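Biologist: I would like to learn how to read charged contacts in a model. Please walk me through a case.

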Amino acid sequence: MADRLLDDVGTLLRDTAADVVLPLFRRLDVADVAEKAPGDLVTVADQRAEERISAELRRLLPGSLVVGEEAVADDPSLLRHLRDGGDVWLVDPVDGTANFAAGRRPFALMVALLTDGEPAASWVLDPMAGLLAVARAGDGTRLDGKPVRAGGDVPPDLLRGTAMTRFLPAATRDRVAAGGGRIGELLPGQHCAGREYLDLLTGDQQFVLFWRTLPWDHAPGVLLVREAGGVARRFDGTEYHPAGDDRGLLVAADERTWHEVRDALLGD
């Protein structure tokens, strides 16, 4: 993959944020927000941003397919393309839609490129912070253009991270709550997966635990973290793949942290 494509997609996300998303932040009318399903919001910003991003991605990489969050809401069969050969884009036009609709930060724009079913590149932009992370498989992760490594050898009693407990099964939620005292600080979550992944890169947290793992929410961030030296696995230790439909994901800044957090929060 050429550096030009990495730069062009980053520019596309910045331009879409500036031209489409941010002008609507805290300016949505009641008619601009709807429910795709109970509790699952979509706004005109999501729709317009996905249309623009999708069209431009197809232009940048002729012959590629786009699987966008809002398109899948209309046609779930699009998910079959995640195992296809060739180039397939995953697009989350506004990650953290509930925050955005309520006029709160954070929210993010996210894209991942799969080539022959495997993650090849990813981009996550927090437009309010002006922070862009980009990864290419085998070539590391850059945060605002500078190489970044996750980790930092943080001892267990100082580990800080998020557990998204809302959707966890009751028994798992109870184990996580009970285990929180074995690590430094357990945070409630920001309702924006993209920002959680960025905070792993910046060192603001060392782990994050999810239950729901929709591919546009996690494929971009997982590649960022892995290419920065981190780990992303299912609770049973299976490696995460965007085409998988399992629940539960623990992402950590390094191998040691993954095992320490898993033992503390999910151990029997």
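Biologist: Is Arg233 buried or exposed?

Modeller: Buried means under 20% relative accessible area, exposed over 50%, and partly exposed in between (1.4 Å probe, protein chains only). Arg233 is buried, at 12%. This is a predicted model: local features need pLDDT of at least 70, side-chain atom pairs count only at pLDDT 80 or more, and totals for chains, interfaces and linings use all residues. Residues are numbered from 1 along each chain as its sequence is written, and side-chain values use heavy atoms, with hydrogens and water left out.

Biologist: Which residue forms a salt bridge with Arg233?

Modeller: A salt bridge is a side-chain nitrogen of Lys or Arg within 4 Å of a carboxyl oxygen of Asp or Glu. Glu255 forms one with Arg233, and the closest N and O atoms are 2.9 Å apart. Helices (H or I, at least four residues) and strands (E, at least two) are DSSP runs, numbered from the N terminus. Glu255 lies in helix H8 and Arg233 in strand E13, so the pair ties together parts 22 residues apart in sequence. Glu255 is partly exposed, at 36%.

Biologist: What about Glu239?

Modeller: Glu239 also pairs with Arg233, with the closest N and O atoms 2.8 Å apart. Glu239 is partly exposed, at 43%. Arg226, Arg233, Glu239 and Glu255 are linked in a network of salt bridges.

Biologist: How many salt bridges does the structure hold?

Modeller: It holds 16. One of them joins Arg160 and Glu185, whose closest N and O atoms are 3.0 Å apart. Arg160 lies in strand E10 and Glu185 in strand E11, so this pair ties together parts 25 residues apart in sequence.
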